[in-house]
Amino acid sequence: MYGSDSINDDSERTAFRKTEKKYKLYYDSSSKSSKKKKQPRPVDLSEVIDFKAISESFDRNGDLRAGVSKLECPFDRPVFCLDDCPGFYFIPAALSIEEQCRWIKESLMSFPQPPNRTNHNAIYGAIHNLFNAAKNRQVLVKDETAPAEDDSVSVDINSQNHSWACLEELDSSVNGDSCKSVSASVLLRKLRWSTLGLQFDWSKRSYNVSLPHNKIPDALCQLAKKMAAPAMAVGEEFQPEAAIVNYFGSGDMLGGHLDDMEADWSKPIVSMSLGCKAIFLLGGKSRNDEPLAMFLRSGDIVLMSGEARERFHGVPRIFTDTEHAEIGFLEKQFSDEDDSFYLEYVKTSRININIRQVF
Ligand code: OGA
Ligand code: MN
């Protein structure tokens, strides 16, 4: 009980937790009771490593700040490493704006489609076309004629609950009974993850190879192989087998964790950032090690391989305010009327696609 583990994990006293709290979104309590719009508590960002600035300064005069190196590799974009963190690679602006838009659209339209699972499966079963249903202001309605719901459904991820179906919003069967219906736009806003390729079972924290799944889409597979190259041994090719897509809204965070369910940690996790800017914390092998904070912008790619995979990491903050979100170029790209629903989503969201070789 008094072992080192008891002060790790969820204790607020670890260095990781302390830094998470430093950057997390809090609202000033003084403004809570007033009628004024709640103001986010100001946060000191002066210690956050900014690879965009590092890259620009390197382009201008070849300067690099202490502790940061540029990888010598036959790769068409600058790749930066941290001298104290072998296996960690940062590729600023790795994705073009067109690529970013493509993967944002896919993340919302196709990646949550069955047989891929999402955080909604446990409660609602498989939901088809969530994004379009939200766009068309549809609601998900409980089908009273369906067989009674099995209580095990929320824990047994193998079972499928077919008793929810998408219907038009003002359908008479909805009848204003809010317990029996939920709007697709609320479900889209509450979408937190979807899984591609081999399906990850969060309750068991392992891959469940018996669950039905599609292969990682070919274009994403090719992109991940290309981007993983700086972290791969000569002559070896990354084999994308699974991906987790994380969806963040304002105030959402991803707590400090390790990704330890893959067999070979020498292989990288390829992690793409899309949408609003975020802060990423890269800790050490213990939660007691003070983490480094760095900005993640739309289009950035991070690789974590080898020793870097043993380091706690997380995302304590995303920025949805105009000054810090840095998504002006995406907003322009989504300014077509056809894309207005993407625009609304992206203004207050971040998406992270992280691609893994499982075996
Ligand atoms: C993860 C993860 C980082 C990010 O999903 O395991 O570490 O940038 N994501 O969202
Ligand atoms: Mn992770």
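Biologist: Between which side chains does Arg 356 meet a partner in a salt bridge at 2.8 Å, N to O?

Modeller: In this predicted model, the partner is Glu 262, whose side chain meets that of Arg 356 in a salt bridge of 2.8 Å, N to O. Arg 356 lies in strand S17 and Glu 262 in the loop between S11 and S12, so the pair ties together parts that are 94 residues apart in sequence.

Biologist: Are Arg 356 and Glu 262 buried or exposed?

Modeller: A residue counts as buried when its relative accessible area is under 20%. Arg 356 has a relative accessibility of 5% and is therefore buried. Glu 262 is buried as well, at 3%.

Biologist: With which other residue does Arg 356 form a salt bridge?

Modeller: Arg 356 also forms a salt bridge with Asp 259, where the closest N and O atoms are 3.1 Å apart. Strand S17, which holds Arg 356, covers residues 349-356, while Asp 259 belongs to the loop between strand S11 (254-257) and strand S12 (269-275), so this pair links parts that are 97 residues apart in sequence. Asp 259 is buried, with a relative accessible area of 13%.

Biologist: Which residues coordinate the manganese ion, ligand 2?

Modeller: One reads a metal site by listing the donor atoms and their distances. Here the manganese ion (ligand 2) is coordinated by His 257 through NE2, Asp 259 through OD and His 313 through NE2, at 2.1 to 2.2 Å.

Biologist: How are the donor residues of the manganese ion spaced in sequence?

Modeller: The spacing is H-x1-D-x53-H.

Biologist: Which distances describe the polar contacts of ligand 1 with Asp 259, His 313 and Asn 354?

Modeller: In each case an oxygen atom of ligand 1 is involved. A polar side-chain atom of Asp 259 lies 3.1 Å from such an oxygen, and for His 313 the distance to a side-chain N or O atom is 3.0 Å. A polar side-chain atom of Asn 354 lies 2.9 Å from an oxygen of the ligand. The protein covers 94% of the 290 Å² of accessible area that ligand 1 has on its own.

Biologist: How many salt bridges does a search of the whole structure find?

Modeller: The search finds 20. One of the pairs is Arg 297 with Glu 326, with closest N and O atoms 2.8 Å apart. Arg 297 lies in the loop between strands S14 and S15 and Glu 326 in the loop between helices H9 and H10, so the pair ties together parts that are 29 residues apart in sequence. Arg 297 is buried, at 11%, whereas Glu 326 is partly exposed, at 25%. Salt bridges with shared partners join Asp 50, Lys 277, Arg 297 and Glu 326 into one network.

Biologist: Which residues of helix H3 are buried?

Modeller: The general idea is that an α-helix has 3.6 residues a turn, so residues three or four places apart point the same way. In helix H3 (residues 51-61), the buried residues are Phe 51, Ile 54, Ser 55 and Ser 57. They cover an arc of only 165° around the axis, which puts them on the same side of H3. The face turned away from that buried side carries the exposed residues Asp 59 and Arg 60.

Conventions. Residues are numbered from 1 along each chain as its sequence is written. Chains are lettered from A and ligands numbered from 1 in the order in which they are written. This is a predicted model: local features need pLDDT of at least 70, side-chain atom pairs count only at pLDDT 80 or more; totals for chains, interfaces and linings use all residues. Side-chain values use heavy atoms; hydrogens and water are left out. Donors are N, O and S atoms within 2.8 Å of the metal (3.2 Å for Na, K and Ca); water is not among the atoms, so sites may look incomplete. A salt bridge is a side-chain nitrogen of Lys or Arg within 4 Å of a carboxyl oxygen of Asp or Glu. Helices (H or I, at least four residues) and strands (E, at least two) are DSSP runs, numbered from the N terminus. Buried means under 20% relative accessible area, exposed over 50%, partly exposed in between (1.4 Å probe, protein chains only). A polar contact is a pair of N or O atoms within 3.5 Å; within protein, one must be able to donate a hydrogen and the other to accept it, and residues adjacent in sequence count only if both atoms are side-chain atoms. Accessible areas come from the Shrake-Rupley method with a 1.4 Å probe; for residues, only the protein chains shown count as cover. The arc is that of the directions from the helix axis to the C-beta atoms.
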